[in-house]
Amino acid sequence: MIPAGRDGSVRLGGLVLRDHWFDAPLSHADPSGESIRLYAREVVSAAEPDRDLPWLLFLQGGPGGKATRPAGASGWVGRAVKDFRVLLLDQRGTGRSTPATAATLARRGSAAAQADYLAHFRADAIVADSELIRRRLVGDDGRWHVLGQSYGGFCSLTYLSFAPEGLASVMLTGGLAPVAVGADEVYAATYRTVEQKNERFHAAFPAARAQLAAVADHVRAHDVRLPDGSRLTVPRLQALGHGLGANSAIPGLAYLLEEAFAADGVLSDTFLAGAWETLSFASGPLYAVLHEACYAHETATRWSAARVGGRLPQFGPDADPLLLTGEMIYPWMFEHDPALVPLRETAELLASREWGPLYDLDRLAANEVPVAAALYTEDMYVDAGLSRDTVTRVRGLRAWETNAHEHDGLRETEDVVDRLIRMNGGEL
């Protein structure tokens, strides 16, 4: 990075980056109460850093995922800065925005206190944070554009529900949230897709099935430990399938299984290190703790993924063939992952919590904000059928359906965001 100005900005690969910090209340319903610190990175083209452009807020996937860290003017960021002044927001609790980790949460005391704190970290709070930042950067009467990837798309639909007056347009990539059903319906649909992804994975990499079975047999017969000292169990082995919904991750899983065994018949250090890197929530415990809460619209989830999966024997740890699981969070994760063990009781309280609303279906039905969405028809994480239902519930939403990309289409190519920009601009 090369310093670009006295304001602390830097130049990087054709971009100019500037840091922004904002103080926000932990609870927007109590502005005089506890506050948190929000971080966002402004990104503009180095060719025209002072050009007067509209703001585009990027909301990252997750929950618990920090915003994109750009390395240069390539991919979707490179395309976006041609038309926008991009703001990459670390959503509350992530990245540099008052991080919520096992260590920081422990300082809050009891599990009940931790759960009450984390109740302020859902999409409704992220939208309120975004509105606070919009008023600071754009002005009370100004509007900005929003690009939501995956969970960021969920947040964008919450934005359309509760603060559409701040939005000039919305773009969603893999983020057409199921707004009219609960978590059980979501997991019933996504388990079906995960089963299909297993079939396609093994069709593409025929040797992987036998390797997976051999690893499972070894794990059943031995006390296998990952680099953090935690035990590798068959359910944890199945959780390696989390990446089956991303083109960028699928080959890596096959290669990992290729090198599963060392010459002496034990699991290799390469495999154990790779498995730990995939399975550990050390870098993002917020994802595990709040994942099911993404689907909790005026209800509690009560470990929905575990309950629904428990009725599907083909996903059992003794099934033959053994199936990998997907983007599911299970109670046993808080028993085996050292990063999650301190949060076990907190997670239980959140699973039983009766949550407030995430969407206003009447407001969405009356929407007047231009919305364009990339609907990935083979998405493992956000079910295409439920996404199509959402399309019918948001007035004026235009969806581009494609099987050319998996859930990570935004990461793979700039073409996705280019198409959505042109859709909202009336070119398509």
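**Ring contacts, helix packing and a buried arginine**

Arg 96 lies over the face of Tyr 39, at 4.2 Å from the ring centre; a charge counts as over a ring if NZ of Lys or CZ of Arg is within 6 Å of the ring centre and within 35 degrees of the ring normal. The model is predicted: local features need pLDDT of at least 70 and side-chain atom pairs pLDDT 80 or more, while totals for chains, interfaces and linings use all residues. Residues are numbered from 1 along each chain as its sequence is written, and side-chain values use heavy atoms, without hydrogens and water.

**Aromatic rings**

- Arg 353 also lies over a ring face, that of Trp 355, at 5.5 Å from the ring centre.
- The structure holds 11 aromatic pairs, a pair being rings of Phe, Tyr or Trp (its six-membered ring) with centres within 6.5 Å.
- The pair Phe 281 and Tyr 287 is stacked, because the ring centres are 6.1 Å apart and the planes stand at 20 degrees; planes under 30 degrees apart count as stacked, over 60 as edge-to-face and the rest as tilted.
- Phe 281 has 15% relative accessibility and so counts as buried, and Tyr 287, at 12%, is buried as well (under 20% relative accessible area is buried, over 50% exposed, in between partly exposed; 1.4 Å probe, protein chains only).
- Tyr 151, Phe 154, Tyr 187 and Tyr 295 are linked into a cluster by ring pairs.

**Helices**

- Helices here are DSSP runs of H or I with at least four residues, and strands are runs of E with at least two, numbered from the N terminus.
- Helix α4 (residues 123-137) packs with helix α5 (residues 151-162) at an angle of about 70 degrees, their axes 9 Å apart; axes are lines fitted to C-alpha atoms over the stretch in contact, with angles from 0 to 180 degrees between N-to-C directions.
- The two helices, α4 and α5, are therefore roughly perpendicular to each other (65 to 115 degrees; under 35 is roughly parallel, over 145 roughly antiparallel, the rest oblique).
- Residues making this contact (heavy atoms within 4.5 Å) include Ile 126, Val 127 and Arg 134 of α4 and Tyr 151, Cys 155 and Tyr 159 of α5.
- In helix α14 (residues 344-351), the buried residues are Thr 346, Ala 347, Leu 350 and Ala 351.
- These residues lie on the same side of α14 because they cover an arc of only 135 degrees around the axis, taken from the directions from the helix axis to the C-beta atoms.
- The buried residues of α14 pack against α3 (111-118), α11 (285-290) and α13 (333-336).

**Arg 18**

- Arg 18 is found in strand β3 (residues 15-25) and counts as buried, at 16% relative accessibility.
- Leaving out residues up to four places away in sequence, Arg 18 touches several residues, among them Asp 7, Glu 42, Asp 50 and Arg 85.
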